[in-house]
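Here are a few exercises to work through with the model open beside you. Try each task before reading its solution.

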Amino acid sequence: MPASTSKSVYLRGIRDSAPFAFVIVPFALLFGVVATEAGLTLAQMMGFNVLVIAGASQFAAVALMDEGAPLWIVVTTALVVNLRMAMYSASLVPHLGRAPFRLRAFVAYLNFDQTYAAAAAEYERLPDMSLAEKLAYFFGVATPIVPLWYLMALVGALLGTTVPMGSGLDFALPITFIGIAAPMLRTPAHVAAAGASVVVALLLAGLPSGLGLLVAAGCAMVVGVAVETWSEKQ
Amino acid sequence: MNFTTGEIWTVIVLLGAGTYLIRLSFLGLIGDRQMPPLVMRLLRYTPVAVLPGLVAPLVLWPGATGGEPDLARGLAALAAVAVGLATRNTIWAILAGAVTLFGMLFVLG
């Protein structure tokens with residue numbers, strides 16, 4: 001009975017998404033607060049959540065707009081933050097590549113850090129899952145996360161207008177970015193890339209807003225791959 | 001914010017479309033064709049290549065103090081980095097940074 005196994009796999013996906021609530025709730029709240037403080041309307045803030053639905057890049061775009069960076073730099077830098085998702089997309093192909101295009105197009109919309117991490121782990125744990133089960137699991141993980149993200153961002157925006165500024169809330173954004181980036185520094189190559197990013201960005205801080213960061217990101221990626229290649233040869 | 005309503009929506013739509021195309025790339029368009037291994041390696045470093053460089057100037061020259069380095073904010077950033085490295089957990093890192101910041105702002109007045 002494939003239909004009923006798919007249903008139980010879908011429910012398992014929902015259950016496995018529970019730990020992500022601890023990440024999603026504070027992040028979404030914070031995005032609502034930060035976006036509102038930066039001067040976005042409720043509709044614009046929700047536009048980010050629905051059309052972009054990628055937290056780190058949304059924070060990056062709002063921070064750069066707030067700094068007054070040129071529009072093309074805001075978009076380019078935020079897209080660079082999301083480039084890792086091309087890697088997620090590639091690694092889902094062996095599992096979901098045979099699904100009908102409309103389902104793959106829907107998976108693509110929902111392909112963010114949490115759904116990808118949960119699905120990749122589950123597909124590795126149970127390699128014999130059918131295509132229908134793999135899809136059911138993926139959609140199961142996404143089902144609670146997406147409405148929770150929208151809702152909490154909305155709550156954050158409504159709270160944001162009542163929280164007084166200048167009480168240190170300006171620093172929510174840098175602290176959030178550090179919280180995202182620090183746990184990623186797993187290898188010497190990641191540490192070297194992060195170090196290069198900081199040094200080059202500070203050296204080029206005099207350039208028009210955001211431009212130095214783009215150059216820094218390019219240098220940092222090359223440094224990361226160089227250190228990785230070098231440490232493999234050791 | 002100096003952006004007009006139209007410019008803000010332009011950012012949202014371009015970023016949304018671009019992000020969607022990145023997510024769809026292999027799954028929807030490229031399929032099983034192999035990309036050069038170097039490209040896949042470079043992609044792996046994109047978050048750690050962008051976020052630290054974005055944060056560093058905000059930590060050293062905070063807008064809230066008119067660009068003057070600030071002890072409370074500097075220590076809060078250090079606490080977030082240390083706890084993030086030690087626990088590998090985003091939420092603990094943010095909490096450590098927030099507690100340090102509000103504690104220091106309270107102590108320093």
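A residue is called buried if 20 or more other C-beta atoms lie within 10 Å of its own, exposed if 12 or fewer do, and partly exposed in between, with C-beta atoms placed from the backbone. This is a predicted model, where local features need pLDDT of at least 70, side-chain atom pairs count only at pLDDT 80 or more, and totals for chains, interfaces and linings use all residues. Residues are numbered from 1 along each chain as its sequence is written, while chains are lettered from A and ligands numbered from 1 in the order in which they are written.

**Exercise 1. Work out which residues of α4(B) are buried and what covers them.**

Step 1: find the helix. α4 of chain B runs over residues 71-87; helices here are DSSP runs (H or I, at least four residues), strands likewise (E, at least two), numbered from the N terminus.

Step 2: check its length. The 17 residues reach 24 Å from first C-alpha to last, close to the 24 Å expected at 1.5 Å a residue. That expected span is 1.5 Å times one less than the number of residues.

Step 3: pick out the buried positions. They are B:A72, B:R73, B:A76, B:A77, B:A79, B:A80, B:V81, B:V83 and B:G84. An α-helix has 3.6 residues a turn, so residues three or four places apart point the same way.

Step 4: look at the cover. It includes α10 (172-181) from chain A, plus α3 (46-60) and α5 (90-108) from chain B. Contact means that two C-beta atoms, placed from the backbone, lie within 7 Å.

Step 5: see what comes next. After α4(B) sits B:R88, with a positive phi near 55 degrees.

**Exercise 2. Describe the overall build of chain A, and say how far its radius of gyration agrees with a compact globule.**

Step 1: count elements. Chain A has 12 helices and zero strands.

Step 2: compare sizes. For 234 residues a compact globule would have a radius of gyration near 17 Å, and the 20 Å of chain A agrees with that. The radius is taken over C-alpha atoms, and the globule rule is 2.2 Å times the number of residues to the power 0.38. Along its principal axes, the C-alpha trace spans about 65 × 55 × 30 Å.

Step 3: look inside. Buried residues make up 53% of the chain. Of the contacts with a separation of 6 or more, 75% join residues 24 or more positions apart.

Step 4: check confidence. pLDDT, the predictor's confidence in each residue from 0 to 100, averages 89 in chain A, with 96% of residues at 70 or more. α10(A) is lowest at a mean of 83, and α3(A) (residues 42-52) is highest at 97.

**Exercise 3. Find how many residues of each chain meet at the A–B contact, and sort the chain A side by class.**

Step 1: 80 residues of chain A are in contact with 68 of chain B.

Step 2: the chain A side divides into 58 nonpolar, 17 polar and five charged residues. Ala, Val, Leu, Ile, Met, Phe, Trp, Tyr, Cys and Pro count as nonpolar, Asp, Glu, Lys and Arg as charged, and the others, Gly among them, as polar.

**Exercise 4. Is A:Y10 buried or exposed, and what does it touch?**

Step 1: A:Y10 lies in α1 (residues 2-16) of chain A.

Step 2: A:Y10 is buried, because 20 other C-beta atoms lie within 10 Å.

Step 3: leaving out residues up to four places away in sequence, A:Y10 touches A:A136, A:Y137, A:F139 and A:G140.
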